[in-house]
Amino acid sequence: RYGFRLLGLAISLSGLVLMYAFFNRISTPAIAFFGALYYGASTMFLDFSDSLANQPIDDLLRFSILFLSISALRAEEKLKTRYTAFICALFFILALSSYDSVIFVFLWLVGLDYVQWLKDKGKQKKPVPIRKWALYCITPVLAFIIQQAQNLWYLGWTDLVLDLKGVFLYRVASGGGGGAWRHVTEVFTALNLATGISGWYSVPAIAAVVASFVYLRKHIFYRWPDMSFFVLLLVAGAAYSMVFARTSDLDYQGRQLTPALALLIGMGVVLFLRTAVSPRALFNRKGGFVRIIILSALFVSLVVLVSGQAKRTLDYVKDWPNHIVDQVSLNAYKGLNAMTDNDAVIFSVDTTSKKRYPQAAPTFEYYAGNMVLSFQSPEDMMRDMKSLKAASRAPFEAILFTPQFEIIEAMLPFSRGREVKMLGGWYALLIEADAAASP
């Protein structure tokens, strides 16, 4: 397991290097450094850098595509087709590995082409690259079709449809209150995750940094990045939360907005430093007092944006090492694994959870040796247990795992007198295959 985590860390660091390279392509080494530092020192990066899940490879592929897309703009005409083919190949792999950044990458690629087409429109009459955009659209669709063909092979037609329906209703449907408006408000949920502070503070701070940059860059000679890059990254990063509103509050989804925020921080820090050390830019021209006010606002806004990340990072470092499983939990998970030698599903129920369907930690399933389904409500657990029993072609046993003994008491009639075990402060009860179908 540690070898895989080291591999994940190597992939994450490679992604961070590519982020720097991408920022350096569109700006300067200084902006790229501060932007990559902002992301690399944040818990959005640190907390998932050695993950065994898809986040490291997602970062690597996403920043590879961003870097290549900018390189393609500056390449000779005869090489652009090769760049497009390479980008599509990476996009295909990304879409196969995860859906998380598919919308981000698609909007970035199409938006970048469109902005470039607008810039070239007056110089040379080039048609809108519709065929190229269609290729970008077909690439993830092809990956999706291959995945569904695999699911059809494994699950059969009925379960395939149920799986697609469940994913659509869970990820895309508004649900949980708020209606269609939730598809907008969830962007701020992702922003809170990305910045570590409330949107009431981050949104004005971001607006102030953007306004300061637009005004002050005219007075400082420097190779500033085009603001269209920031806008594209912001729109692409916000799109996931607008489409998949139900899952935008997952801890790692703040990563969708971090490229835009990191670029903005890099631009803001370099702008402040170059303006602060240039008295002529501040005082020797008309409007110096206004520039001092704007520079002060820029400084305060940067402090606000960085403070959220800094606090989270300090807390993260204080709690180091963060990703080890404490011995009590480890023993509890192993105890669940030892409760039966048959196929089993662990139903974890905690009525104090803040989420209706909390996601079990990967280490939980790894050491427990069985699939874990987590619930806030015992009623949801009972309904899912019945559904699984009805749909299953083979019998399986159920293990109820909960800190609330009253839930155990309600299930005791179906345990055939089995002993209630105490594991890590939680109660565990084995319900045999045929009895579990009765609740």
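**Ala-262 counts as buried, with a relative accessibility of 0%.** Here, buried means under 20% relative accessible area, exposed over 50%, and partly exposed in between, tested with a 1.4 Å probe on protein chains only. The model shown is predicted, so local features need pLDDT of at least 70 and side-chain atom pairs count only at pLDDT 80 or more, while totals for chains, interfaces and linings use all residues. Residues are numbered from 1 along each chain as its sequence is written, and side-chain values use heavy atoms, with hydrogens and water left out. Ala-262 sits in helix H12; helices (DSSP runs of H or I, at least four residues) and strands (DSSP runs of E, at least two) are numbered from the N terminus. Leaving out residues up to four places away in sequence, Ala-262 touches Met-19, Phe-23, Gly-35, Tyr-38 and Tyr-39, where contact means heavy atoms within 4.5 Å. Look for Phe-33 too: Ala-262 and Phe-33 are 229 residues apart along the chain, yet their C-alpha atoms are separated by 9.8 Å.

**The largest nonpolar core brings together 70 residues.** A nonpolar core is a set of buried Ala, Val, Leu, Ile, Met, Phe, Trp, Tyr and Cys residues joined through side-chain atoms within 4.5 Å. Phe-23, Trp-108, Leu-233 and Leu-263 have the most contacts inside the core. Helix H12 (residues 258-276) supplies the largest share of this core, 10 residues. Apart from it lies another core, of 15 residues, including Leu-336, Met-339, Phe-401 and Leu-423. In soluble globular proteins, nonpolar side chains tend to be buried together.

**Which residues surround Leu-233, once neighbours within four places in sequence are set aside?** Leu-233 is in contact with Phe-22, Phe-23, Leu-66, Phe-104, Trp-108, Pro-259, Ala-260 and Leu-263.

**Strand E3 is largely enclosed by the rest of the structure, because 6 of its 6 residues are buried.** Glu-397, Ile-399 and Phe-401 point one way from E3, while Ala-398, Leu-400 and Thr-402 point the other way. Strand E1 (residues 344-349) pairs with E3 in the parallel sense over 5 bridges; two strands pair if DSSP finds at least two bridges between them. Here Ile-346 has Ile-399 in E3 as its bridge partner. E3 (residues 397-402) also pairs with strand E5 (residues 426-431), in the antiparallel sense and over 5 bridges. In that pairing, Ala-398 stands opposite Ile-431, and Leu-400 has Leu-429 as its bridge partner.

**Strands E4 and E5 form a hairpin with 2 residues between them.** E4 (residues 421-423) and E5 pair in the antiparallel sense over 3 bridges. Lys-421 can be found opposite Ala-428 in E5. Gly-424 in this hairpin takes a positive phi near 60 degrees.

**Glu-419 is exposed, with a relative accessible area of 61%.** Glu-419 belongs to the loop between helix H18 (405-411) and E4. Apart from residues up to four places away in sequence, Glu-419 touches Ala-428 and Leu-429. Between the C-alpha atoms of Glu-419 and Leu-429 there are 7.1 Å, and along the chain there are 10 residues.

**Is Val-304 buried, partly exposed or exposed?** Val-304 is partly exposed, with a relative accessible area of 26%. Its place is in helix H14 (residues 288-318). Beyond residues up to four places away in sequence, Val-304 touches Ile-197, Tyr-201 and Ala-205. Val-304 and Thr-195 are 109 residues apart in sequence and 9.5 Å apart in space, C-alpha to C-alpha.

**A search of the whole structure finds 1 cavity of 30 Å³ or more.** A cavity is a set of points, on a 1 Å grid over the protein atoms alone, where a 1.4 Å probe fits but cannot get out, and lining residues have an atom within 4 Å of a point. The largest cavity holds about 70 Å³ of space, where grid points are joined across faces, edges and corners and volume is the space filled by probe spheres set on the points. Its lining includes Asn-54, Asp-58, Arg-62, Ser-101, Tyr-252 and Arg-255. The lining residues divide into 1 nonpolar, 5 polar and 5 charged; Ala, Val, Leu, Ile, Met, Phe, Trp, Tyr, Cys and Pro count as nonpolar, Asp, Glu, Lys and Arg as charged, and the others, Gly among them, as polar.

How values were computed:
On a 1 Å grid over the protein atoms alone, a cavity is a set of points where a 1.4 Å probe fits but cannot get out, and a pocket is an open set with protein on both sides within 12 Å along at least five of seven lines; lining residues have an atom within 4 Å of a point.
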